[in-house]
Amino acid sequence: MSCHFQYFTTSQFVYINLRIFVICAVNNQPVLLNHTFITEFLLLGVTDIQELNPILFVTVLAMYFVNVAGNGAILMIVISDPRLHLPMYFFLGNLACLDICFSTVTVPKMLENFFSTSKAISFLGCITQLHFFHFLGSTEALLLTVMAFDRFVAICRPLHYPAIMNSQVCIQVAISIWAIPFLHALVHSILTSQLNFCDSNHIHHFFCDVKPLLELACGNTELNRWLLNTLTGTVAIGLFFLTFLSYFYIVTYLFLKTRSCSMLHKALSTCASHFMVVMIFYAPVLFIYINPDSGSSLEKDRIIAVMYTVVTPALNPLIYTLRNKEVRGALNRKIRILL
C-alpha cells in the first residue's frame, strides 16, 4: 500500500487543530485552549431599539452640555471669587470638577455609538474606562461624605470649625479623597483584566463595567463578585450611612438648639441641597451594586446607570446654584462683570 503525503497551508493547519480541540472538548478530554483571546468588545448601548437613538443622542448631548457648562461655571466661580474661598466651596469645586470628569469617561463613547455601526472598544480601552469609572464614582461617594462632615462641624461645632477644617487639612483630605478610590479602582481593573472571556464579546451596556463583563467571563469569578458586591457594596452603604448620620445630627441639633428662624432656614437650605445631591447619587448606585447578579437585571442596570452617569452630574450644578445663595450671588456678580 502506497503512502500519500498531503501538504497543508497555514490556514488549513489552524482549522484542523481547532477541530481537534473541539472534538477533545466534546469527549471531555484535556484541551489546550478553552477560551478565546479577545482584543476588543462591542458595546450594545442603552437600548436595542434603533429608532430611539436620535432622540437619546439629543437628550444625552443636552445633559452633557448642561453638566460641563454648569459645573465649569461653578468651578470658575469658586476659584475666582475670594468670598467663596472657604472649605465648603473648596469641596464644592472638587465636586464640580469630578462631575465633569465622571461623565466624560462614559458619555462621549455613548454619543459616538448612537450612530456608529461597529460600537467597538479595545480591550485596553475597556479596562481603562472601567478603572476611571470606578475611580471617579468612588471619589464622589467619599467626597459627599466629607462634605456632610464639613457641614456637621460648621453647624454643630462652629467654634472649633476654623481649627478642624483649616486649609492644610482640607488639602490633605482632598488628596486622600482622590488617592484612596484610585487604588480601590485599580484592584477592580487588574482583577477584571486577568479574566478569561468565552464565546461572546458583546457587552450589554453602554460602557465597560465589572458586572456586565463578569457575565462574559469563564472560569472562577468568585473573587471579582465578592469584591464588587461585598466590599464595594459595604463601602457604599457605610459612606451613605455616615453621610445620612451627619445630616440627621445637623437637623436634630438645629431644631433643639437654634432659636433664630433665619439661621435655621439658612442652615436647612444649605443642608437640603447637599442631601438632595446625596440621594440622587446613591439611589441608583445602591440599587445596582447591592442587587444580586443576574442576567435579567442587566437591562435595568443600563437604564439606571444613565441616571448617575448623565443625569446626576447635570443636576448637581442646578441644585447648588438654585438653592445656595452665595453661589447664586457669585454667579450673578460674574455675569454682570462679563456683560
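Predicted model: local features only at pLDDT ≥ 70, side-chain atom pairs only at ≥ 80, totals over all residues.
User: Which cysteines form a disulfide, and how far apart are their sulfur atoms?
Analyst: A disulfide is a covalent bond between the sulfur atoms of two cysteines. The cut-off applied here is a pair of cysteine sulfur atoms within 2.5 Å, and by this rule the count comes to 1 disulfide. The pair is Cys126 and Cys208, with a sulfur-to-sulfur distance of 2.0 Å.

User: How many residues apart in sequence are the parts that the pair of Cys126 and Cys208 ties together?
Analyst: Cys126 belongs to helix 4, while Cys208 sits in the loop between strand 4 (202–203) and helix 7 (210–216). Cys126 counts as buried at 0% relative accessibility, and Cys208 counts as buried at 0% as well. Because of where the two cysteines lie, their pair ties together parts of the chain whose separation in sequence is 82 residues.

User: Is the disulfide of Cys126 and Cys208 left-handed or right-handed?
Analyst: The handedness is read from the torsion about the S-S bond, which for Cys126 and Cys208 is about -120°. With that torsion, the disulfide is therefore left-handed.

User: What is the distance from the sulfur of Cys101, which is in no disulfide, to the nearest cysteine sulfur?
Analyst: A disulfide would require the two sulfur atoms to be within 2.5 Å. For Cys101, the nearest cysteine sulfur is that of Cys97, and the distance is 4.3 Å.

User: How do the rings of Phe57 and Phe115 pair: stacked, tilted or edge-to-face?
Analyst: A search of the whole structure finds 21 aromatic pairs. One of them joins Phe57 and Phe115, with 5.1 Å from centre to centre and 65° between the planes. Planes over 60 degrees apart count as edge-to-face, so the pair of Phe57 and Phe115 is edge-to-face.

User: How many residues apart are Phe57 and Phe115?
Analyst: Phe57 is in helix 2 (residues 53–80), whereas Phe115 is in the loop between helix 3 (87–113) and strand 2 (120–122). Phe57 is partly exposed, with a relative accessible area of 23%, and Phe115 counts as exposed at 54%. The pair links distant parts of the chain, and the separation is 58 residues.

User: Which helices hold Phe135 and Trp178?
Analyst: The ring centres of Phe135 and Trp178 are 6.1 Å apart with planes at 65°, so this pair is edge-to-face. Phe135 counts as buried at 9% relative accessibility, while Trp178 is partly exposed at 23%. The two residues are 43 residues apart and the pair links distant parts of the chain, with Phe135 in helix 4 (residues 123–156) and Trp178 in helix 6 (residues 167–193).

User: What is the distance in space between Leu186 and His134, C-alpha to C-alpha?
Analyst: Leu186 is placed in helix 6 and counts as partly exposed at 32% relative accessibility. Leu186 and His134 are 52 residues apart in sequence, and their C-alpha atoms are separated by 8.7 Å.

User: How far apart are the end C-alpha atoms of residues 120–149?
Analyst: An unreviewed UniProt entry lists several spans as "transmembrane region", including residues 55–79 and 120–149. Residues 55–79 are 100% helix and 0% strand, with end C-alpha atoms 36 Å apart. Residues 120–149 are 90% helix and 10% strand, and their end C-alpha atoms are separated by 42 Å.

Definitions and conventions: Residues numbered from 1 in each chain as written. Heavy atoms only, no water. Phe/Tyr/Trp six-rings, centres within 6.5 Å; stacked < 30°, edge-to-face > 60°. Helix = DSSP H or I, 4+ residues; strand = E, 2+ residues; numbered from the N terminus. Buried < 20%, exposed > 50% of the residue type's maximum accessible area, 1.4 Å probe, protein only. UniProt positions renumbered as here; feature names shortened; annotations may be inferred.
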